[in-house]
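Visitor: I'm new to this one. Could you show it to me and take a few questions?

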Amino acid sequence: MTEATTQVENSPLVLHLQPIINLTDEQFFEFCQINRDLRIERTVTGELLIMPPTGSDTGNRNAKLIVKLGVWSERDGTGIYFDSSTGFTLPNGAKVSPDAAWVKLERWNALTTEQQQKFAPICPDFVVELRSASDNLTPLKTKMQEYIDNGALLGWLIDRKKRQVYIYRPGVAVECLDNPATISGDPVLPGFVLDLSKIW
């Protein structure tokens, strides 16, 4: 069998705790700290999502994405960037970890030091989710819309499996690009252009 025929779509393991257990924000943060080898998110309704590990190939592509975003961000100087291990608390209460994120500096600096050290109570201005060949697309689309609904200005869902990019912006329909060579972050990330040949 080829790798393509043996792959199945991965979805997060969903743990339902309520009403038996209702973790506070502090308890959830500590739970994640003692389970550092797991990528854990919490939905707005309190379920815990345990993410399957990223494959090495997808991890490499995600690292390339972070490097590109980081180089642009350091040069631009108007915000800071984050990798896939970073947790954020959205305004609706969900705890999420996008594959890459960027926050305007003035918004980040408005947080307290304690808020910055935990799962910062802020929705990033820009988020990216990178779909691997085994990821289920539907939950990723739902997650992208949740970012927009909670204040993100731009979101990219990069579907490596179908070589498509879904572009999310507030107030407009989702745009789907088929096999684009590049994508631009303008005007949210002025001058940031991602070469997808290194990501596919």
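Guide: Here are some questions and answers about the structure shown above.

Visitor: What should I know before I start?

Guide: This is a predicted model, where local features need pLDDT of at least 70, side-chain atom pairs count only at pLDDT 80 or more, and totals for chains, interfaces and linings use all residues. Residues are numbered from 1 along each chain as its sequence is written, and side-chain values use heavy atoms, with hydrogens and water left out.

Visitor: Which cysteine has the sulfur nearest to that of Cys 32?

Guide: A disulfide is a covalent bond between the sulfur atoms of two cysteines. Here it means a pair of cysteine sulfur atoms within 2.5 Å, and the structure holds zero of these disulfides. For Cys 32, which is in no disulfide, the nearest cysteine sulfur is 18 Å away and belongs to Cys 123.

Visitor: Is Asn 62 buried or exposed?

Guide: Buried means under 20% relative accessible area, exposed over 50%, and partly exposed in between (1.4 Å probe, protein chains only). Asn 62 sits in helix α3, residues 56-76. Its relative accessibility is 8%, so Asn 62 counts as buried.

Visitor: Which residues does Asn 62 touch, not counting those up to four places away in sequence?

Guide: Contact means heavy atoms within 4.5 Å. With residues up to four places away in sequence left out, Asn 62 touches Ser 84, Asp 99 and Leu 130.

Visitor: Which residues does a cis peptide bond join?

Guide: Look at the loop between β12 (182-184) and β13 (193-195), where Pro 187 lies. A cis peptide bond, with omega at about -5 degrees, joins Asp 186 and Pro 187.

Visitor: What is the phi of Arg 163?

Guide: Arg 163 lies in the loop between β9 (154-159) and β10 (164-168). With a relative accessible area of 38%, Arg 163 is partly exposed. Its phi is positive in a residue other than glycine, near 55 degrees.

Terms used: Helices (H or I, at least four residues) and strands (E, at least two) are DSSP runs, numbered from the N terminus.
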